[in-house]
Amino acid sequence: MAFTTKATIASFGGKLLKLSHQAKSTNCEMGLNLYLPPQAASDSGKKVPVLFYLAGLTCTGDNGAEKGFFQHGASQKGMAIVYPDTSPRGLNIEGEDEAYDFGSGAGFYVNATKEPYSKGYNMYTYITEELPNALFSSFKQLDSSRMGITGHSMGGHGALTLFLKNPGMYKSVSAFAPIANPINCPWGQKAFKGYFGEDQQQKWKEHDASELVKQWKGPLDILIDVGTGDNFYKQGQLLPENFMKAAKESGNDKDIKLRMQPDYDHSYYFISSFAEDHIAHAAKHLLAYVPSPPQTPPAVSTVPRGEALPWQPAFRGPMGDEPGIPTKILPPPLPIARPLSVQSRQSAVAALLNTFAPRGGPVVVRLPISPPHDRLATPTTPCLPPVVDRGPPSVATYAACCTAGNDQFGAEAAGRLCADV
Ligand SMILES: N[C@@H](CCC(=O)N[C@@H](CS)C(=O)NCC(=O)O)C(=O)O
C-alpha cells in the first residue's frame, strides 16, 4: 500500500518524511519516519543503504527521529534511516493501552499467536517483510540489498533477534541497552506470556537473542552499548551478560563488542551520545557490501530419473516424484541477494513463470523455505506461498528453492531451480 506523506522536514541536508500507510500484517494504519540523506535526494539514480532503528517501550517512530541524533551521521555516510512504530495502534483490544510494557507501544517485534493479540500484533512480519517491501517499491532510491538494523531496549531485542533469525537479510546489527535475554527478565516474560502463552516455551526461545546466538554459524560483528547507570540494567531487565555468555559458549563472541558506558542511563541522552558510533558500525558493513550481479539461468540439462540430484533432494516438489516423470535440472544456482521474504518469493515465482512458461505448458511453482530459515523459523512464520498455478492441464513442475548463506560475511545466498517435465 502506498504511503501518505504527512510532513517533509529538512534535516542535516536531507529530508525527514513523516509517513503513514495501511498495513495488512498489523491490521491498521502505521506511522513511521523515513530519513532520506542528501545523497538520496539527487537524481543520480544511485541507491542508498537503509538502516532500521527499532525503538523501545512506550515509543513511536518519533523518539529516535527527534532525539536519537542519527541523522547527522546518516547524512555524512549517505544512509537512509527508517524509524517504525513499536506496535499496531487502535485495534480496540481490551486492555491494550493499560500498561506501558505490553500492548500499545510494546509489540516486542514478534507475531502474537495468542488471542486477542494475534489479530494484529504482528510486528515481526511488519518489520521484516511488509514495511521493507512497501518502502522499496515506493522509494526507488533505497537499496533493498543493503539493509542494516539497530534499536534500543525492546528495539535492541528486536534488532538482535530479527538479525539472528534472518541470516543475510541485514548486513549490519547493533543495539543500545537491548533486552538481551527476554525469557529471563520480567519485561520479556510478561510480553511472551501475553503474545504467545505461558506454555509456549519453545516459541519464547525463538525470540530470545541469547538463545538464537547459540545457533549462529559464521562471524558475528555486533556493537552493543549499555549504560552502567541504567536502572533497567540494574533491575535485571537487559541481561547483556547472558547474551555474551551464550555467545562465548557457542564460540560466537569474538566480534561482539559489549561496551559498558560509565554512568549513562537508559534515556535518549545515552542513545544520542553513541549514535554516531552505531552509524559508523552500520556504514562499515552497508557501504562495503556489493551484491552479486544477476545471472542468466543456463540451458536445461537432463538428469535421468532416479539419479541423485546435484543439490538438496529434499527440495524437490512432490510432482517430481511421480513415476515416469523425467527430471530436468537447471544448474547452477540462480543467485538471490538475500533470503527471500514471502513477497520476494512471489517476485521470484513471477520471474520463473516469465522465463519458462513460454516453453509451453502450464507451470506449477513450489517454493520450499530455505534451510537457515527452516532451522530458525517458528511454526507460524508465513514461509511458503501456496503453489502457484498457471496455464492448461499440468505437464510441468518447476520447483524453486532458496538457500541462503550468511552473505553479510561473503557467503553467497543462492536460489536453485529445477524443472520436472
Ligand atoms: N515509562 C516507563 C519507562 C519506559 C522507557 O524508559 N522507555 C524507553 C524505552 S524502553 C524510552 O525510550 N522511552 C521514551 C523516551 O525516553 O523518549 C517507566 O515509567 O518505567
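**Exercise 1. A residue in a loop**

In which loop is valine 290 found?

Solution. Keep in mind as you work that this is a predicted model.
- Step 1: Valine 290 sits in the loop that links helix 11 and strand 10 (301-303).
- Step 2: judge its surroundings. Valine 290 has 9 C-beta neighbours inside 10 Å, so it counts as exposed; the cut-off for exposed is 12 or fewer.
- Step 3: relate it to another part of the chain. Glycine 31 is 259 residues away from valine 290 along the chain, and their C-alpha atoms are separated by 31 Å.

**Exercise 2. The chain as a whole**

Find how many helices and strands the protein chain has, and what share of its residues is buried.

Solution. 
- Step 1: count the elements. The protein chain holds 13 helices and 15 strands.
- Step 2: turn to burial. The chain has 421 residues, and 48% of them count as buried.
- Step 3: look at the contacts. Among those with a separation of 6 or more, 72% join residues 24 or more positions apart.

**Exercise 3. An annotated site**

Solution. 
- Step 1: take serine 153. Its loop runs between strand 6 (142-151) and helix 5 (154-165). Serine 153 counts as buried because it has 25 C-beta neighbours inside 10 Å, and the cut-off for buried is 20 or more.
- Step 2: take histidine 266. This residue lies in the loop between strand 9 (256-261) and helix 11 (268-286). Histidine 266 has 22 other C-beta atoms within 10 Å, so it is buried.
- Step 3: compare the contacts, leaving aside residues up to four places away in sequence. Serine 153 touches Gly56, Leu57, Ala177, Pro178, Ile179 and His266. The contacts of histidine 266 are Ser153, Ala177, Gly227, Asp230, Asn231 and Phe232.

**Exercise 4. Around the ligand**

List the residues around the ligand and sort them by class.

Solution. 
- Step 1: sort them. This shell has 5 nonpolar and 7 polar residues, and no charged ones.
- Step 2: link back to the record.

**Exercise 5. An enclosed strand**

Explain why strand 5 (residues 80-84) is described as largely enclosed.

Solution. 
- Step 1: count the buried residues. In strand 5, 5 of the 5 residues are buried, so the rest of the structure largely encloses this strand.
- Step 2: recall a general point. In a regular strand, side chains alternate between the two faces of the sheet.
- Step 3: inspect the sides. Ala80, Val82 and Pro84 are buried on one side of strand 5, and Ile81 and Tyr83 on the other, which leaves both faces covered.
- Step 4: find the partners. Strand 3 (residues 28-36) runs antiparallel to strand 5 and is joined to it by 4 bridges; here asparagine 33 stands opposite tyrosine 83. Strand 4 (residues 48-54) runs parallel to strand 5, with 3 bridges, and leucine 51 has isoleucine 81 as its bridge partner.

**Exercise 6. One face of a helix**

Work out how the buried residues of helix 6 (residues 186-195) are arranged.

Solution. 
- Step 1: name them. Trp187, Gly188, Ala191, Phe192, Gly194 and Tyr195 are buried in helix 6.
- Step 2: look down the axis. The buried residues of helix 6 fall within an arc of 165 degrees, so they line one face of the helix.
- Step 3: see what they pack against. The partner of these buried residues is helix 7 (201-205).
- Step 4: follow the chain onward. Just after helix 6, glycine 197 has a positive phi of about 110 degrees.

Note on methods
Residues are numbered from 1 along each chain as its sequence is written. This is a predicted model: local features need pLDDT of at least 70, side-chain atom pairs count only at pLDDT 80 or more; totals for chains, interfaces and linings use all residues. A residue is near a molecule or strand if its C-beta atom, placed from the backbone, lies within 6 Å of it. Ala, Val, Leu, Ile, Met, Phe, Trp, Tyr, Cys and Pro count as nonpolar, Asp, Glu, Lys and Arg as charged, and the others, Gly among them, as polar. Helices (H or I, at least four residues) and strands (E, at least two) are DSSP runs, numbered from the N terminus. The arc is that of the directions from the helix axis to the C-beta atoms. Two residues are in contact if their C-beta atoms, placed from the backbone, lie within 7 Å. Two strands pair if DSSP finds at least two bridges between them.
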